[in-house]
Amino acid sequence: MSMRSMLAEVSRTHYPNAPATPAQLAAFEAHVGWELDKDLRAFYLHCDGGTLFETRNNANYRFLPLAEIRRARLAIRASDEDEDGAPSVYTLVDMQDSDFIVLDVAQRIAGSYPLFDAWHETFPVVERIASSFGEFLEKALRSGNRSFWLSSAPPER
């Protein structure tokens, strides 16, 4: 599914925030010291965060606005020490159950940042769940409001 069609679906059936401006993106990138990849740039120019399936108070998938993206170790551990996580790992989605989806800007591959599940109980240990933001968004849109990376096949009888 193309990013354009996914963003249209976000607008049509979910709860996007107003778009970020190019100036806001430039200010964000200057502040954090890394550039948004193509998919993230398209998303934030379309909507500066938002939620899928439910409004903010009830949403499992809350995509953070640029102003709320921060180092994961600060968001999860309230610490900016290396023992509490790599400085290159940033929050992107608040799953609102003490779980975040994070990206590691030190691991950009083929132009995209991989995404990881970061649960506060085990952080800084993370599990890779998508190779890019586009892959993550597509799976999230098809998830039925569930954490798609946690689902497994039913046990065999």
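Two strands count as paired if DSSP finds at least two bridges between them. In this predicted model, strand β3 (residues 61–63) meets that criterion with strand β4 (residues 89–94): two bridges join them, and the strands run antiparallel. Phe63 has Val93 of β4 as its bridge partner. Both strands belong to an open sheet of seven strands, ordered β1-β2-β3-β4-β5-β6-β7 with antiparallel pairing. The edges are formed by β1 (15–16) and β7 (127–130), each of which pairs on one side only.

Helix α2 spans residues 22–32, and its Leu25, Phe28, Glu29 and Val32 are buried. These residues lie on the same side of α2 because they cover an arc of only 95° around the axis. Ala23, Ala30 and His31, on the other side of α2, are exposed. The cover over the buried residues of α2 includes β4 and α3 (38–46).

Two packed helices are described by the angle between their axes and the distance between the axes. The axes of α3 and α5 (residues 133–141) come within 8 Å and cross at roughly 55°. By class, the contact has four nonpolar, one polar and one charged residues. On the α3 side, the residues in contact are Asp39, Leu40 and Phe43. They meet Phe133, Gly134 and Leu137 of α5.

Conventions:
Residues numbered from 1 in each chain as written. Predicted model: local features only at pLDDT ≥ 70, side-chain atom pairs only at ≥ 80, totals over all residues. Heavy atoms only, no water. Helix = DSSP H or I, 4+ residues; strand = E, 2+ residues; numbered from the N terminus. Buried < 20%, exposed > 50% of the residue type's maximum accessible area, 1.4 Å probe, protein only. Arc of directions from axis to C-beta. Contact = heavy atoms within 4.5 Å. Axes fitted to C-alpha atoms, helices over the stretch in contact; angles between N-to-C directions. Nonpolar A, V, L, I, M, F, W, Y, C, P; charged D, E, K, R; others polar.
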